[in-house]
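Please read the following account alongside the sequence and the coordinates, moving from the overall surface to the sheet and then to single residues.

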Amino acid sequence: MTTFLGVPTRRLAGPDDEDPLRGSRPFPAAAADAVRDPVLRRNLRRATTTIRAKREHVVSEVADWEDLRDTGSAVKADVMARLPELLEQLESAVTARGGVVHWAADAAEANAIVTDLIRRTGADEVIKVKSMATQEIGLNEHLAEQGIAAIETDLAELIVQLAGDKPSHILVPAIHRGRAEIRQIFLERMADVPPALTDEPRVLAMAAREHLRRKFLSAKVAVSGANFAIAETGTLAVVESEGNGRMCLTLPETLITVMGIEKLLPSFGDLEVFLQLLPRSSTGERMNPYTSLWTGVTPGDGPQEFHLVLLDNGRTNALADSLGRTALHCIRCSACLNVCPVYERAGGHAYGSVYPGPIGAVLTPQLTGLTGGHDVNATLPYASTLCGACFDACPVKIDIPSMLVELRGRAVDAGRGGVPDGWAAAMKAASWVMSGERRWSVAETASRAGRLVAGRRGRISRLPFPLSRWTRSRDLPAPPAETFRQWWARTRGDDDAGPDAGNPPIAGTPAPRPAADGGDRP
Amino acid sequence: MSTREEMLGRIRAAVAAGAPLAGGCVPLEGDGPDLAVDGVPRRYRRTGDQPPGSPAVLDVLVDRLEDYRATVHRCAAADVARAVRTALGDARSVVVPPGLPDGTVDTAAPDAPEVVVDGRPEPLSAVALDRIDAVVTAARVACAVTGTIVLDGEPDQGRRVITLIPDRHVVVLRAEQVVQTWPETVALLEPTRPLTMISGPSATSDIELSRVEGVHGPRNLQVVIVDPA
C-alpha cells in the first residue's frame, strides 16, 4: 500500500455546515436506531425486494451480461490510468463546442464557482436535476445561504427537500418514505397542493407535475450532474426517467453541470456498454425512459451558455490507492444497496454520508480520509457481513468485500501503539492462546463449559463482562460436545502426530464432520 | 498556480501512486480479436443476428414499446397520414418540425387539428408550446431490444423542446430505421448533435418503486411504424 503525500484537505462550505460525507454518529449507533423503526423497516424491505426482482429479471435477459461487465470494468480501469490526459481532452472538446470548463479542488471551491456563475445571470432561483456530486458538496445549502433558491425537480428529491429530510438512497432518495407519509408531506409543505390529494402514486406524481410546471417554463438557470462524460467528443449524458432532466437541460438559458472527475469515458462508443449496464442495474429497466446527450452549445437548441465544473473533492485520495481507486469506477447505479442485507435493515441515513450502502462504505472513508480512531467514517467498513452480494451485482465488478476487509485492516493498523482497548487486548490474549498447542488444548476443553450456559436452542445469549460486549448484539453457538482434536484422536487415534502429519484426508473425499451441534453461525 | 494546474498535478501524482491496479480489475484473458488495442476486452455482442427492419426485429420493438405503455401503430407507406391521424387522437393543435416530410399530418380533413410549424417564422417559446396538444416528428434510429427511439435534432425532428412540452408525442419510424441491438444503435449516432433517447413515456418509480407513467415529459407516446412498401 502506498502513502500518497499530495492529500488535499477537504474544506466545507462553512465551519457550521453539516458534512454531506460524514454523519454525527458511528454507524452501529445510527443503525441501531434505524432497525428499531418498524415503518422504516417495512418501507425499505418492500422497496429493495421489488427492485431486486426487477433487476434480476432484466439482467437474466442479457446473454452477454458478464462480457459487458468485463468491458465496463476494464474501461473504467483504463480511465483511471489515463485520467489527466482524458480530462484535458474533455476540456478542449467542450471548449471547442462553446462550453466553459472550471476546475474545483474541493466542495468550497465548487460551490463558489457555481454561485458566481448564477449571480452573473442575475437569477435568484435555479432548477436542479438530481445529482450526487452537488449533494456531496452541499450545494443547495450553500446557495440558500447566498440567497439563491435551488429547486429539486426529481420527484424523490422534491419529497426529500419539502420534508427537510436527507436522501437515503442513491437512486430513490425517498425510499424510506411510504406513500401515506409522502401525501402528508405534500399536504403540509407544497404551496399549491390540490386539496383532494390521495396517496395513490399516480395522484402524487401528478401533483408534483403541476407544482413544477411553472418553474420549468420560467427558469433561467439549471444545475445538473452528469452520468457520463465522453473525453473524445466532449459529450455529456444525463440518464433519467421523469423528464425533469430534459426540462432542466433544454429550457433554461444557462446550464451548469457539476461532475466528479472520475465520470469520464474515453470514447462515445463506450456508451454501447455503459448504457446497457446502467439502466438494468439501476432501475431494473431495459432502458430508462429518457437519456439526454449534449456537446457544448448547440445554436438554436437548448441552453446557449454551458459551464462544466470538474470536481476533485477527495477523489485523488482514492485514486492514489491501488485498491481504493476501483471505488471510483462506480457509476452510481445503486444495485449494491438494493442487494445488501445491512442496507436493507439499516437504511441509508445510518451511513451518515450521501453515498450509503456497500459502495458508500468504501467510497466515503476514502473521499474524506480518516481523521483518527474516533472518526465516525472509520466505522463504515464494518457496515457489512461480507456476504459478497454487492460484488455480484456490481455492473463494473468493483470488489467491494475485499476493499472492506482491507479498510478494516488499515483501521486496526492505525490503532496500533498506544493504550490497547478491550478489543486489542482480547485479540492479543487469543493470539497467545492459539499459538501454543497445550494452551489451545486447555482452552478448547475449558470452552466446553459453555454448553452449560447455552439454552435448549444451543445458543449462548448472555455472558458476563467483558464477554457481554460480544453477546449484547449476537448469540454465540454452544461449543460442540467433542472438539475437533478429540474427534481426530478418536477416529485416527493411531496417528499421534496430529492432523498435520502423515497423509492428509484424501482430496475429493469429504472428511466426516466433527460432531457439531448443527446450529447456525451467530 | 491555478486550480487547474494544481488539480492536474495532483491527479498525475495520484495516478502514478495508485498504479498498478489490484483487486476488482478484470484479468485480461487471451489476445484474440476480442482484445482491442487499448487492452479492453470486448467479447459482448456488437451486432444483431437479424437485419434492421426485419419482421423479427420489429416484433421485439413493438413488444418493448407496449411494455413501456407506449401505443404502436403499423401502417404501409401510403397510409402514414391516416395512422398519424389516429395516433393524434383528440389533439386539437399540433406542432411539427420544419423538415417533417409533407403529407405526414393531414391538414385537409374537415376536423384536422391546427398545425404549427416550429421556426416558421419564429421558434416557438416554451409557453406557446405549453398550449399545444401534440407534436409529430421523425426519428434517427430505434433499438428493438431496449425499445428505445433516438432523436438527433435533424430538421425532421426539430429542436429538443418541441418533443418535450406537448403532452402527446407521435413518432413516425420507417421500418429500416429499427436495428436489433444497442451497440448497432450507438454506432449510427453523431455524438455532437443534441441527442434524446426515449424509451416509453415519461415515468417515475420514486414512490415505493411503483411505476407511474407520465410525469414531466409527454405522458402519451405514440409510435407509427411504416412498413416497407
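Accessible areas come from the Shrake-Rupley method with a 1.4 Å probe, and for residues only the protein chains shown count as cover. On that basis the accessible surface of chain B comes to about 9,400 Å², of which 52% belongs to carbon and sulfur atoms. This is a predicted model, in which local features need pLDDT of at least 70 and side-chain atom pairs count only at pLDDT 80 or more, whereas totals for chains, interfaces and linings use all residues. Residues are numbered from 1 along each chain as its sequence is written, chains are lettered from A and ligands numbered from 1 in the order in which they are written, and side-chain values use heavy atoms, with hydrogens and water left out.

Chain B has a radius of gyration of 22 Å, while a compact globule of 229 residues would have one near 17 Å; the radius is taken over C-alpha atoms, and the globule rule is 2.2 Å times the number of residues to the power 0.38. Buried residues account for 54% of the 229 residues in chain B, where buried means under 20% relative accessible area, exposed over 50%, and partly exposed in between (1.4 Å probe, protein chains only).

In chain A, six strands form an open parallel sheet in the order 1-10-7-4-2-3. Strands (E, at least two residues) and helices (H or I, at least four) are DSSP runs numbered from the N terminus, and two strands pair if DSSP finds at least two bridges between them. Strand 1 (99-104) and strand 3 (149-152) of chain A stand at the edges with a single partner strand each, so one side of each is left without a neighbour in the sheet. Strand 1 of chain A pairs with strand 10 (residues 305-311) of chain A over six bridges in the parallel sense, and A:Ala104 stands opposite A:Leu311 in strand 10 of chain A.

A:Asn313 counts as buried, at 0% relative accessibility. In chain B, B:Arg69 likewise has a positive phi, near 70°, in a residue other than glycine, but B:Arg69 counts as exposed at 55% relative accessibility. B:Arg69 lies in the loop between helix 2 (55-67) and strand 1 (71-76) of chain B.

A cis peptide bond, with omega about 0°, joins B:Arg120 and B:Pro121.
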